[in-house]
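Please read it alongside the sequence and the model.

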Amino acid sequence: MLPRYLAISLLLGGSAIAAVPSAEDFVNRTAPAAIYHDGWNDLNKNGVKDPYEDAALPVDRRIDDLLARMSLEEKTAQMVTLYGFPRVVQDELPTPEWATSFWKDGIGNIDEHMNGCTGFNNDLKRPKHDMPYSLHARAINEVQRFFVERTRLGIPVDFTNEGIRGLLHTQATSFPAQLGVAAAFDRELVREIGRATGREARALGYTNVYSPILDLARDPRWGRTTETYGEDPYLVSELGIEQVRGIQEQNVVSTLKHFAVYSVPKGGRDGEARTDPQVTWREVQMVFLTPFRRAIQEAGALGVMASYNDYDGVPIEGSSLFLTDILRKEYGFKGYVVSDSAAVEFIHQKHRVAGTPIEAIRQSVEAGLNIRTHFTPPQAYGEPLRELVRSGRLAQATIDSRVRDILRVKYWLGLFDRPYVPSPAQAEQQVRAPAHLAAAERAAHESIVLLKNANDVLPLRKDLKRVLVAGPMADNGHGWWSRYGPQRIEFVTPLAAIRVKLGAGVDVRFAKGCELVDDRFPESDVYREPPTAAERADIEAAVKAAADVDVIVAVLGENEILSQESASRISLDLPGHQDDLLRALHATGKPVVLVLTNGRPLSVNWAAKHVPAIVELWFPGERGSVALADILFGDYNPSGRLPITFPQSVGQIPFNFPAHPGSQARDRGQVFGPLYPFGHGLSYTTFSYANLQITPERILPGATVEVSCDITNTGKLAGDEVVQLYLRDDYTSVATFDWQLRGFTRVHLAPGETKRVTLKLGAADMALYDTSHRWTVEPGRFTVMLGASSAQAHVHGTFLVTAPDGSVPEERPVKDPRLDPR
């Protein structure tokens, strides 16, 4: 339920009734200006209810009136982001100097203001008003009050913030990284994560959250792989839609990142190399744009962040094809577009398709950019923008169109009628509410993937006498910190969680064994020298600590520094001397459980062959270690599935799902197949599939098919099966994909229990992007596969799509199993 005066319509054009704020709503408890009235706010302070102030009028009428009143300075001020304290603004609260600053004419949005972000280098000053939560909400109100009461037209600010692991605030609720969330294959869970993120944002004063990331991780070397929902366009779309809906249900804008074709820079490189994606136009349409299209058309996302990169030589920030033709005309996007930081500047500095910085600004605005965002003062963009209009190089009508989009979003948010957090004290109950923490723990449990469990090594007994927890990530309290998530959280480490789980009667030892990386990293990803004497001594100490234990839990992998923005790798092996440590621990003869915590697939080939049990933890958020201990010791049955392929070698890349027919087939000079396929994940119980039914078996293009199957728990423990539906259009006019994920659901089953699962296939699931650049469903045979992963078919069947006259093109199934795995 929304707070008392945020009960505004969530439909575009909805209205609200104003409420008079009290002095208690602000940090400086002076009486609010006499501009607040019953039912309206006198934003321009003229004593008249003007149309833009009238909540009873249609939104477009209000915008028309406001635009007609705005000066060039006021319009261009709306087209810039002001980065908040401490990045650009050095004041947490308004000062007298604000009255003569660039933002005296207003501002489009203020980003990350007073949120407690410490920056990539942990060197940013902590604000005074981030905690307690109620103080933060009142401080945000104080800043908003400046724009409402002290600017000429009183246009409120949209407060933006990051939200891909929960809200980026000092102590908001911490969720797993998106890649871990995706491993849950749970739409309902993602919807609840979105709701929690949106609720906490609104409670603290933020009205726009930069979430979700809808880029696809098609190259796992890429540093931001951990921030994606994986490599598959259907899975990313389904989860992205739920995140958008969850956020915007709270009357907070969901801004999608990063539009478009951002996640495949050449060679998987990031940092300064965010350019030149090597993908075809059909792949752009069928893979990379699909999540954005669906999030806008099906979930109504009202924010988009345009990306740094180019496509086919044209920077996205200066591409009218992407920002206008596709985004607005084709998708029907009604919100506003922000630039990624420095992306406008890159048009001139990096892509070099604009000879001057001001020409880069002109290109971006002409293409469709609404608001420029960068870690520099807003006047660095705003003043040249004004000069472009005054000199006639940029039309006033273009400016009006861009500002109209911004104002439309602010009206949707209700900011003109309800500009303030209504009850700051309520933030104490809404941020990190018990339900939000429960959702974080649920996400941590469901995201963990059991990759291997030879001879049922797991779950471990709780009556063990001695346990060694080893590895550089076993007791690293800062390892899961993220620049994009809550940062001052007390992360429980695996060591601490296991000690709590087993109690004081069990000797739970710790040995770090080695550092996360060696002194030569990243060069050691190319060629690894033998361990130094000191490094060997650390490994030997861990081996000595394992001498009389019952089991070893080795927690290895990466931390956020190794897998984040601007931190790509050229190897998918365990970094540093972690593999040496693992081999030495295995050589003791003790049972070893390998726990991987990482932000990308790792090619742990030796472990997959020799270590009996492997658990994928990802970057799991604050409750991750508690969930891990539950799974290791049998208090929770693992149910996560891989949202991304684990290749055997970096040399196989690109190696992902879905793939074109034959593109990942056998080559006598290479290893064949993945280490672990997309959708893979084990359980402590077993499941069977039977009685597949496809109804109807013949349809016309555009009709729907239902696929049903009985799922039975054939083991001794209750558990969740993630049923996955894969579809193949057997013969097509253009080569598409061998198999495509087209449905999934989680089914909880008691031992011996059977449930019938039904999944639907619609026209969008069967469509391809044809030679005429149209989405179409072609007549022919479709093959359906239900199974536990993309490589494990339990049951399969077919149905036919006929032409309008009932005919079906001739198709002769290939019999050679080397070419057709059926």
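A salt bridge is a side-chain nitrogen of Lys or Arg within 4 Å of a carboxyl oxygen of Asp or Glu. This is a predicted model, in which local features need pLDDT of at least 70 and side-chain atom pairs count only at pLDDT 80 or more, while totals for chains, interfaces and linings use all residues. Residues are numbered from 1 along each chain as its sequence is written, and side-chain values use heavy atoms, with hydrogens and water left out. Helices (H or I, at least four residues) and strands (E, at least two) are DSSP runs numbered from the N terminus. Buried denotes under 20% relative accessible area, exposed over 50%, and partly exposed the range in between (1.4 Å probe, protein chains only).

**Salt bridges**

- The count of salt bridges comes to 66.
- Aspartate 405 and arginine 328 meet through their side chains in a salt bridge of 3.2 Å, N to O. Aspartate 405 belongs to helix H13 (residues 396-412) and arginine 328 to helix H9 (residues 320-330), so the pair ties together parts that are 77 residues apart in sequence. Both aspartate 405 and arginine 328 are buried.
- Arginine 69 and aspartate 50 form a salt bridge at 3.1 Å, N to O. Because arginine 69 is in helix H1 (residues 59-69) and aspartate 50 in the loop between strand E2 (40-41) and H1, the pair ties together parts 19 residues apart in sequence. Arginine 69 is partly exposed, at 29% relative accessible area, whereas aspartate 50 is buried, at 7%.
- A salt bridge of 4.0 Å, N to O, joins the side chains of aspartate 186 and arginine 746. This pair links distant parts of the chain, 560 residues apart: aspartate 186 is in the loop between helix H4 (178-182) and helix H5 (187-204), and arginine 746 is in strand E22 (residues 740-749). Aspartate 186 is buried at 9% relative accessibility, and arginine 746 is buried at 17%.
- A network of salt bridges links Arg191, Glu192, Arg195, Arg199, Glu242, Arg245 and Glu249.

**Sheet**

- An open sheet with parallel pairing is formed by 7 strands in the order E3-E4-E5-E6-E7-E8-E11; two strands pair if DSSP finds at least two bridges between them.
- Strand E3 (81-83) and strand E11 (336-339) are the edge strands, each pairing on one side only.
- E3 pairs with strand E4 (residues 109-111) in the parallel sense over 3 bridges, and tyrosine 83 stands opposite aspartate 111 in E4.

**Loop residue**

- Tyrosine 527 is placed in the loop between strand E14 (507-511) and helix H17 (533-545).
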